[in-house]
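Below is a short briefing on one protein chain, arranged by topic. Please keep the sequence and the model in view while reading.

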Amino acid sequence: MSKKFLTAEGLGSPTKAYFWINAFIREFIATIHTQRKKHLKVIAVLTLLIIVSVAAVFISGTL
């Protein structure tokens, strides 16, 4: 299955200060959504590391 790409040219424009936070949050959520598999893998690895670390501290009894 081949992917087809659309050639486009974009021009930036200034964003009003009161809309900047809303635009930033929208783009942040869109980026996470488009790369959700990668983010889920990173979250899974971090969660596993936390669980292992907590278990090691609990087993050693140094808490």
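## Briefing

The accessible surface of the protein chain comes to about 6700 Å², and carbon and sulfur atoms account for 71% of that area. The model is predicted. Its secondary structure consists of two helices and zero strands.

**Overall dimensions and burial**

- The radius of gyration of the protein chain is 21 Å, whereas a compact globule of 63 residues would have a value near 11 Å.
- Along the principal axes, the C-alpha atoms of the protein chain fill a box of roughly 60 × 45 × 10 Å.
- Of the 63 residues in the protein chain, 2% are buried.

**The segment before helix 1**

- K4 is located in the segment before helix 1.
- K4 is exposed because its relative accessible area is 78%, and the cut-off for exposed is over 50%.
- K4 and A17 are 13 residues apart along the chain, and their C-alpha atoms are separated by 36 Å.

- A search of the whole structure gives one aromatic pair. W20 and F24 form this pair, which is stacked, with 5.3 Å from centre to centre and 15° between the planes.
- W20 and F24 both lie in helix 1, where four residues, about one turn of the helix, separate them.
- An α-helix has 3.6 residues a turn, so residues three or four places apart point the same way.
- F24 has 48% relative accessibility and therefore counts as partly exposed.
- W20 and F24 also belong to a nonpolar patch on the surface, together with I21, I25, F28, I29 and I32. The accessible area of these patch residues together is about 730 Å².

- Side chains of opposite charge can pair when their charged atoms come close.
- The structure holds one salt bridge. R26 forms a salt bridge with E27, and the closest N and O atoms are 3.4 Å apart.
- R26 counts as partly exposed because its relative accessibility is 43%.
- E27 has 44% relative accessibility, so E27 also counts as partly exposed.
- N22 counts as partly exposed because its relative accessibility is 44%.

**Helix 2 and the residue after it**

- Helix 2 covers residues 36-60 and has 25 residues. From its first C-alpha to its last, helix 2 reaches 36 Å, close to the 36 Å expected at 1.5 Å a residue.
- L40 has its place in helix 2.
- The relative accessibility of L40 is 54%, so L40 counts as exposed, the cut-off being over 50%.
- L40 and G12 are 28 residues apart in sequence, and their C-alpha atoms are 31 Å apart in space.
- G61 follows helix 2 and has a positive phi, near 75°.

Definitions and conventions. Residues are numbered from 1 along each chain as its sequence is written. This is a predicted model: local features need pLDDT of at least 70, side-chain atom pairs count only at pLDDT 80 or more; totals for chains, interfaces and linings use all residues. Side-chain values use heavy atoms; hydrogens and water are left out. The radius of gyration is taken over C-alpha atoms; the globule rule is 2.2 Å times the number of residues to the power 0.38. Buried means under 20% relative accessible area, exposed over 50%, partly exposed in between (1.4 Å probe, protein chains only). Accessible areas come from the Shrake-Rupley method with a 1.4 Å probe; for residues, only the protein chains shown count as cover. Rings of Phe, Tyr and Trp (its six-membered ring) pair if their centres lie within 6.5 Å; planes under 30 degrees apart count as stacked, over 60 as edge-to-face and the rest as tilted. Patches are made of residues with over 30% relative accessible area and no salt bridge: like charges are joined within 9 Å, nonpolar side chains (Val, Leu, Ile, Met, Phe, Trp, Tyr) within 5 Å. A salt bridge is a side-chain nitrogen of Lys or Arg within 4 Å of a carboxyl oxygen of Asp or Glu. The expected span of a helix is 1.5 Å times one less than its number of residues.
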